[in-house]
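Please have the sequence and the structure at hand while reading.

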Amino acid sequence: MKKWLVNNIIKFISHIILKIDDSELRKVPNEGPLIAVANHLNFLDAPVLITHLHPRPTTGLVKKETWENPLFAFLFTVWEAIPIDRDIADFTAFKQAKQVLADNKILAVSPEGTRSEDGVLNRGKAGVAFLASQVDVPILPMAYWGHENFKENIKQLKRTPMIIKVGKPFRLNLEGQRKSKELMQNIADAIMLEIAKLMPEKYHGVYANISVDQETLITYLE
């Protein structure tokens, strides 16, 4: 009941301050485990995604420092988010993430590991590849943009557009490949390139100049 109430309140507020184009969320599967990978623009990303995917159970890996803010601590506790220490290989967080997927929930992950604030993509970190390589579940790329201007617009009492795009689901193709540090980074880059495909070129950032052989790393699903 608490989660239902929180989700509906946050969703109501988000539509007051944002003009959200969430039409592509219909592409998200209605059941089964799923890793949703997306860019991380600002503090609005997770609340909008989680509440707009409701009633599908969705949670995510969230930096442990988030719990230092009382409001976000409350929200992410309600959403059963997994605190992660970004300074180490946080195997406790990865274990909890695997359990989320075993429970057929959606696990939201931001490969960049930090906010861009301007929407321009930063390089993905290998941690997302390490996690994804440990579980055999579909990966769904998603992207958001438009709300990088939120702070300026809210001062002028203007609603801010937020566009959400959903790409093609895929699985990792690791057969016959040694799980080296280089391979993990290549997978992270392949995942980020799937996110970049969904965005206008001005947001591609480092992925305007990075390329990997995606055909050898990922297999698209029907």
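## Exposure and backbone

Buried means under 20% relative accessible area, exposed over 50%, and partly exposed in between, with a 1.4 Å probe and protein chains only. L157 is exposed, because its relative accessible area is 78%. The model is predicted, so local features need pLDDT of at least 70 and side-chain atom pairs count only at pLDDT 80 or more, while totals for chains, interfaces and linings use all residues. Residues are numbered from 1 along each chain as its sequence is written, and side-chain values use heavy atoms, with hydrogens and water left out.

Helices (H or I, at least four residues) and strands (E, at least two) are DSSP runs, numbered from the N terminus. L157 sits in the loop between α6 (150-155) and β7 (160-166). Phi of L157 is near 55°, a positive value in a residue other than glycine. E80, in the loop between α3 and β4, also is not a glycine and has a positive phi of about 55°. E80 counts as partly exposed, at 44% relative accessibility.

A cis peptide bond joins H54 and P55, with omega about 15°. P55 belongs to the loop between α2 and β3.

## Two positions and their distances

I9 is in helix α1 (residues 2-17) and is partly exposed, with a relative accessible area of 43%. The C-alpha atoms of I9 and T51 are separated by 9.1 Å, and these residues are 42 apart along the chain.

N209 lies in the loop between α7 and β9 (218-220) and counts as exposed at 73% relative accessibility. From the C-alpha atom of N209 to that of M184 the separation is 19 Å, with the two residues 25 apart along the chain.

## Nonpolar cores

A nonpolar core is a set of buried Ala, Val, Leu, Ile, Met, Phe, Trp, Tyr and Cys residues joined through side-chain atoms within 4.5 Å. The largest one has 41 residues, and I35, L61, L107, L172 and I187 have the most contacts inside it. Elements that give two or more residues to this core are β2 (34-38), β4 (82-84), α4 (91-102), β5 (106-109), α5 (127-134), β6 (139-145), β8 (170-172) and α7 (181-197). The most comes from α7, with ten residues.

What does L107 touch, leaving aside its neighbours within four places in sequence? With contact taken as heavy atoms within 4.5 Å, L107 is in contact with L34, I35, A36, T59, G60, L61, I82, A97, V100, L101 and L131.

## Pockets

On a 1 Å grid over the protein atoms alone, a pocket is an open set of points where a 1.4 Å probe fits, with protein on both sides within 12 Å along at least five of seven lines; lining residues have an atom within 4 Å of a point. Grid points are joined across faces, edges and corners, and a volume is the space filled by probe spheres set on the points. The largest pocket has a volume of about 920 Å³. Of the 41 residues that line it, L61, I84, R86, S110 and G113 are the closest to its centre. α2 gives the most to this lining, with five residues. For classes, Ala, Val, Leu, Ile, Met, Phe, Trp, Tyr, Cys and Pro count as nonpolar, Asp, Glu, Lys and Arg as charged, and the others, Gly among them, as polar. The lining of the largest pocket has 24 nonpolar, nine polar and eight charged residues.

The second largest pocket has a volume of about 200 Å³. Its lining has ten nonpolar, one polar and no charged residues. The largest share, four residues, comes from α1. Among the lining residues are I10, I13, F43, F72 and L75.

## Aromatic pairs

Rings of Phe, Tyr and Trp (its six-membered ring) pair if their centres lie within 6.5 Å; planes under 30 degrees apart count as stacked, over 60 as edge-to-face and the rest as tilted. By this rule there are eight aromatic pairs. F43 and F150 form an edge-to-face pair, 5.8 Å centre to centre with 70° between the planes. F43 lies in the loop between β2 and α2 and F150 in helix α6, so the pair ties together parts that are 107 residues apart in sequence. F43 is partly exposed at 29% relative accessibility, whereas F150 is buried at 9%.

The rings of F76 and W79 have centres 5.4 Å apart and planes at 80°, so this pair is edge-to-face. F76 is buried, with a relative accessible area of 6%, and W79 is buried at 2%. Ring pairs link F43, W67, F72, F76, W79 and F150 into a cluster.
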